[in-house]
Amino acid sequence: MHNLREATVADMVALAPRLRPEDRAECLAASGVEPEISLPAAVGQGPAWVWTINDRPECALGVLPVDEVPHCGAVWMLASPVILQHVRYMVTRLRDVMDTLHDHYPLLGNYVDARNTTHISFIKHCGFSLLRVIPDHGVERRPFIEFAKLRNPHV
């Protein structure tokens, strides 16, 4: 039923029009680019995976290099509303997924739309620290919260 695998462009095309309204709003507020364009474009820019439920992509996540900061990756995740019916499954596995992302980048972080409370909950669950509120982030100049996590050097 559940499967986590490497994302394809076709997965992203299938998922983009079905995103949660909060995830779509976050994409537009940050970049002004529709997810139908940004999600397929993310494939090949860095490690990206999809969670499928009954072979249908319901969540995409990945990490992109941050050119200005060595060893730092911008972690991201977008999902359809279906994923909320599988929260228990998601939260029990997100820490392992973050460990895999840390294999690529010891420092992970990004910005989350302050309105996206579901994402903020997932971010906290994964052990990220909420660092500061940026009051006018992105093309829509909305409040976003910067978050980050440094890999435990003893792992």
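**Notebook: sheet, helices and an aromatic pair**

I began with the sheet of this predicted model: seven strands form an open sheet in the order E1-E2-E3-E4-E5-E7-E6, and the pairing is mixed. I looked up the edges and found strand E1 (2-6) and E6, each of which pairs on one side only. I noted an average twist of 25° from one strand to the next.

I then turned to E3 and E4. Strand E3 (residues 56-65) runs antiparallel to E4, and seven bridges join the two. Within this pairing I located Ala-60, which stands opposite Leu-78 in E4.

Next I examined the helices. I found H5 lying across E4, E5, E6 and E7, at about 160° to E5. In helix H2 (residues 21-31) I listed Asp-23, Arg-24, Glu-26, Cys-27 and Ala-29 as buried. I asked what covers the buried residues of H2. The cover includes helix H3 (35-42) and helix H5 (117-125), together with strands E4 (72-79), E5 (107-113), E6 (129-137) and E7 (142-150). After H2 I recorded Gly-32, which has a positive phi, near 75°.

Last, I searched for aromatic pairs and found one in the structure. Phe-128 lies in the loop between H5 and E6 and Phe-147 in strand E7, so the pair ties together parts that are 19 residues apart in sequence.

Terms used
Residues are numbered from 1 along each chain as its sequence is written. This is a predicted model: local features need pLDDT of at least 70, side-chain atom pairs count only at pLDDT 80 or more; totals for chains, interfaces and linings use all residues. Side-chain values use heavy atoms; hydrogens and water are left out. Buried means under 20% relative accessible area, exposed over 50%, partly exposed in between (1.4 Å probe, protein chains only). Helices (H or I, at least four residues) and strands (E, at least two) are DSSP runs, numbered from the N terminus. Contact means heavy atoms within 4.5 Å. Rings of Phe, Tyr and Trp (its six-membered ring) pair if their centres lie within 6.5 Å; planes under 30 degrees apart count as stacked, over 60 as edge-to-face and the rest as tilted. Two strands pair if DSSP finds at least two bridges between them. Axes are lines fitted to C-alpha atoms, for helices over the stretch in contact, and angles run from 0 to 180 degrees between N-to-C directions.
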